[in-house]
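This briefing concerns a predicted model.

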Amino acid sequence: MSSENQPTAAMDSLLQALQVNIIPNQEYLLQGSILDTQVQRLLHRLKGLCDNVETAPEQFFDYEVCFSLRAPMNEQTLQMQQAPPPLLLRVRRSNDPADSHMPFQLRYIGNPELGDAKRPTLVRASFDISCSPSIIDFLTEMGCRMEFEYTVKGYLFRKGRMKITVSKIFKAMNMNQEPLSQSYLVELSVLAPSGSDAVAEDMRVFAEKLKPLVILEKIDYKRLATVPYD
Amino acid sequence: MGVTILVPYPLEKKTGPEVIEDLAKRLLAMQATPAGQFLVDGDIFDNPTMNKTKIHVMHNSEYPASVFSILDNGQKQIPLITDLIFDLLMLKVSPTYQSKKSLKIESKGPRYELGDFLIKLGSVTMSQNQNFKGILIEVDYRPCLVPALCWDLMREFMQGFLGQHAPTTVPAYFTTNIPMNPVQHFQRYNDTYQPIDTVQQYLEHFNNFRKQTQAPMMMTPRN
């Protein structure tokens, strides 16, 4: 019974892991889109460039729902006369019956940092947490409000640490699967511990190889928010 | 993993470390082998605007990669099992839910193996001052997954080792019907035991200790 094999409190070991940068909590991201008519060309190109050449690309069909949690108004926020931005939490699960035993994914995404022109990718804080299916009830009871939901269907490729998804977004739970647009969303991302800036350079090089089929860029969401809807 | 029964053990005018030592001697006399240490901890997060809703975030060293959370809104409990990173997320929700440091509670102590049984002798301490609250003994019968099938065996084992303080009836946790849950229409006694059941038993006892305003008979700080 030496004190050496005393288990440390889970929170302490987690904070320690955070300090030595082994927890992947930063997402490096580039996004773009391609028209439905051209997507086959992109898929062929990705098949050639990516790691999983022998097998067909992995397919996925997921349902995602986004919840927001608003902080209560306190004296400080009342003085500022504006509520703090809500915390956004996303829950994703596979719609494929073959994956019914897989855990749900809970995801927190922080504010995107675009950085200057020299920084090749967008960087945002991200926690990916596997969880049990009770998560939706749990968040609802916690006081979270459902913001939006959708289903997404597409292909997943890998190249080293990079993840490339080519996917189409549909209105959620619609039997006819009504697509939201006539194009596919293309995302190139890496989830890494903070300080792994070298990976951003790899991503820039890879994105160059997909030009001119698809232009992967740092997308500024704040700019998009001011674009009026059709 | 198996079926776990958690029982509080009275101090009877002894100090916590003395009781643990007595029980450890008894186990060693029964040819049990020491098997390291264990730690189960529980934290409460509450929301000042939603008085009744509390989130219990718990860890069990037996499942070091998981966080067990139980949301209690006064009417029902929703259990949630997640990765460890969930702890970091709970720091992010801090404007809404805040951790009550003074109610943080943990049970830790030595583990022993005896054949198919695993026995853990836990000293319960609360808040950062490590106030000693009592003793919880965990008995785990590993080859079985359904409490109904091994309760008699476990009861007999506990009687041999805890004497008159062993439980004689099935703990209420297993026999109460679970309301508001259409999937679990029968009692946990006949259901497959899961790691969250251990955590829920700990939560029940931790809450009893938290309510306890008076210190146990012989209050002693640990170590």
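Polar contact, by comparison, links 5 residue pairs between chain A and chain B, with both residues at pLDDT 80 or more. The area buried between the two chains is about 3000 Å², and carbon and sulfur atoms give 76% of that area.

**Make-up of the contact**

- Chain A brings 32 residues to the contact, and chain B brings 37 residues.
- Phe138(A), Glu141(A) and Met142(A) together supply 21% of the area that chain A buries against chain B, more than any other three residues.
- On the side of chain A that touches chain B, 21 residues are nonpolar, 7 are polar and 4 are charged.
- At least two residues of that side come from each of helix H1 (10-19), strand S3 (87-94), strand S4 (104-109), strand S5 (122-131) and helix H4 (135-142) of chain A.

- In helix H2 (residues 39-49) of chain A, the buried residues are Val39(A), Leu42(A), Leu43(A), Leu46(A) and Leu49(A).
- Viewed down the axis of H2(A), these buried residues lie within an arc of 130°, so they line one face of the helix.
- An α-helix has 3.6 residues a turn, so residues three or four places apart point the same way.
- Arg41(A), His44(A) and Gly48(A) are exposed on the face of H2(A) turned away from its buried side.
- The cover over the buried residues of H2(A) includes strands S1 (26-35), S6 (145-159), S7 (162-171) and S8 (183-192), together with helix H5 (198-209), of chain A.

Note on methods:
Residues are numbered from 1 along each chain as its sequence is written. Chains are lettered from A and ligands numbered from 1 in the order in which they are written. This is a predicted model: local features need pLDDT of at least 70, side-chain atom pairs count only at pLDDT 80 or more; totals for chains, interfaces and linings use all residues. Side-chain values use heavy atoms; hydrogens and water are left out. Contact means heavy atoms within 4.5 Å. Buried area is the accessible area (1.4 Å probe) that two parts lose on being put together, summed over both. A polar contact is a pair of N or O atoms within 3.5 Å; within protein, one must be able to donate a hydrogen and the other to accept it, and residues adjacent in sequence count only if both atoms are side-chain atoms. Helices (H or I, at least four residues) and strands (E, at least two) are DSSP runs, numbered from the N terminus. Ala, Val, Leu, Ile, Met, Phe, Trp, Tyr, Cys and Pro count as nonpolar, Asp, Glu, Lys and Arg as charged, and the others, Gly among them, as polar. Buried means under 20% relative accessible area, exposed over 50%, partly exposed in between (1.4 Å probe, protein chains only). The arc is that of the directions from the helix axis to the C-beta atoms.
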